[in-house]
Amino acid sequence: LDDVSLHIDEGSFVAIVGHNGSGKSTLAKHINRLLLPTSGTVTVCGMRTDAEDLILKIRQQVGMAFQNPDNQLVTTIVEEDVAFGPENLGIEPNEIRVRVDEALKSVGMTQYAEKAVHHLSGGQKQRIAIAGILALKPRILVLDEATAMLDPSGRAELIDTVKALNKEGMTVLMVTQYMEETTDCDRIVVMNHGRIVCDGTPEFVFSKTELLAQSNLVPPEVVLV
């Protein structure tokens with residue numbers, strides 16, 4: 001990352017886009033302190049990420065979903081997987097039950113609560129991974145290329161789920177290479193060679209066709225028509 005300065009408003013839906021190696025995933029990993037900056041500072045919910053005593057608090061505020069949902073699921077039954085995080089935090093069983101039910105409802109997976117995880121599609125697994133994050137009650141959801149390994153229908157399901165969570169007040173930061181996923185975001189941040197090269201509404205960013213081309217990105221087809 002090079003001279004990145006960024007402020008994300010609570011409750012917003014922000015997409016960070018760029019080609020492979022542009023720095024977008026590196027930026028995302030700073031937000032829940034998987035990485036620390038070698039210079040400058042990162043502040044999340046009023047907490048500096050370089051404060052050793054705040055690591056757990058920061059990670060409780062920032063939930064992160066990655067590319068491969070199979071790497072994020074740890075048990076064989078859906079509701080047990082969603083309960084795994086709260087159980088490790090020592091939350092009371094009755095409260096865990098409530099959180100699991102609420103989380104599954106939020107991602108539209110209530111009817112799969114007692115199903116075996118390995119019977120689910122990729123998109124359904126990713127929604128269960130997000131339910132596990134929601135059960136921890138974070139304020140921010142970071143999707144680091146979370147749709148990259150999904151087929152088109154799975155991607156659409158996941159994006160619809162994330163949009164619904166955002167409408168309920170969840171702050172969402174979505175890292176993606178798929179420009180068509182960004183049309184309903186409040187804001188798009190374009191990265192290239194570790195720098196922010198464009199930042200604005202989808203309409204503004206999509207109008208910068210030359211700049212996007214220089215960043216190896218193409219506006220969504222719906223915009224080009």
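This is a predicted model: local features need pLDDT of at least 70, side-chain atom pairs count only at pLDDT 80 or more; totals for chains, interfaces and linings use all residues.
Visitor: How do S7 and S8 run, parallel or antiparallel?
Guide: They run antiparallel, joined by 5 bridges. Within that pairing, Ile188 stands opposite Gly200 in S8.

Visitor: New topic. How many residues of H5 are buried?
Guide: 12 of its 13 residues. Among them are Gly123, Gln124, Lys125 and Gln126.

Visitor: What covers them?
Guide: The cover includes strands S4 and S5, along with helices H3, H4 and H6.

Visitor: What is the helix's span?
Guide: H5 covers residues 122-134 and reaches 18 Å from its first C-alpha to its last. That is close to the 18 Å expected at 1.5 Å a residue.

Visitor: Where does Ala146 sit?
Guide: In the loop between S5 and H6.

Visitor: Buried or exposed?
Guide: Ala146 is buried, at 2% relative accessibility. Leaving aside neighbours within four places in sequence, Ala146 is in contact with Ala65, Phe66, Gln67, Gln126 and Leu158. Gln126 is one of the buried residues of H5.

Visitor: How far is Ala146 from Gly123?
Guide: The C-alpha atoms are 9.5 Å apart, and the two residues are 23 apart in sequence.

Visitor: Now charges. How many salt bridges?
Guide: The structure holds 16.

Visitor: Which residue does Lys125 pair with?
Guide: Asp70, with the closest N and O atoms 2.8 Å apart. The pair links distant parts of the chain: Lys125 is in H5, while Asp70 is in the loop between S4 and H3, 55 residues apart.

Visitor: What about accessibility there?
Guide: Lys125 counts as buried because its relative accessibility is 12%, under the 20% cut-off. Asp70 counts as partly exposed, at 45%.

Visitor: What does Arg97 pair with?
Guide: Glu79, at 3.1 Å between the closest N and O atoms. Arg97 is in H4 and Glu79 in H3, 18 residues apart. Arg97 is partly exposed, at 39% relative accessibility.

Visitor: And Glu102?
Guide: Glu102 forms a salt bridge with Lys137, with 3.0 Å between the closest N and O atoms. Glu102 lies in H4 and Lys137 in the loop between H5 and S5, so the pair ties together parts 35 residues apart in sequence. Glu102 is partly exposed at 41%, and Lys137 is partly exposed at 44%.

Visitor: Which residues are joined into one network?
Guide: Asp2, Asp3 and Arg195, through salt bridges that share partners.

Visitor: What is the phi of Asp3?
Guide: About 55 degrees, positive although Asp3 is not a glycine. Most residues other than glycine have a negative phi. Asp3 is in the segment before S1 and is exposed, at 64% relative accessibility.

Visitor: And the phi of Cys45?
Guide: Near 50 degrees, again a positive value in a residue other than glycine. Cys45 is in the loop between S2 and S3. Its relative accessible area is 32%, so Cys45 is partly exposed.

Methods: Residues are numbered from 1 along each chain as its sequence is written. Side-chain values use heavy atoms; hydrogens and water are left out. Helices (H or I, at least four residues) and strands (E, at least two) are DSSP runs, numbered from the N terminus. The expected span of a helix is 1.5 Å times one less than its number of residues. Buried means under 20% relative accessible area, exposed over 50%, partly exposed in between (1.4 Å probe, protein chains only). Contact means heavy atoms within 4.5 Å. Two strands pair if DSSP finds at least two bridges between them. A salt bridge is a side-chain nitrogen of Lys or Arg within 4 Å of a carboxyl oxygen of Asp or Glu.
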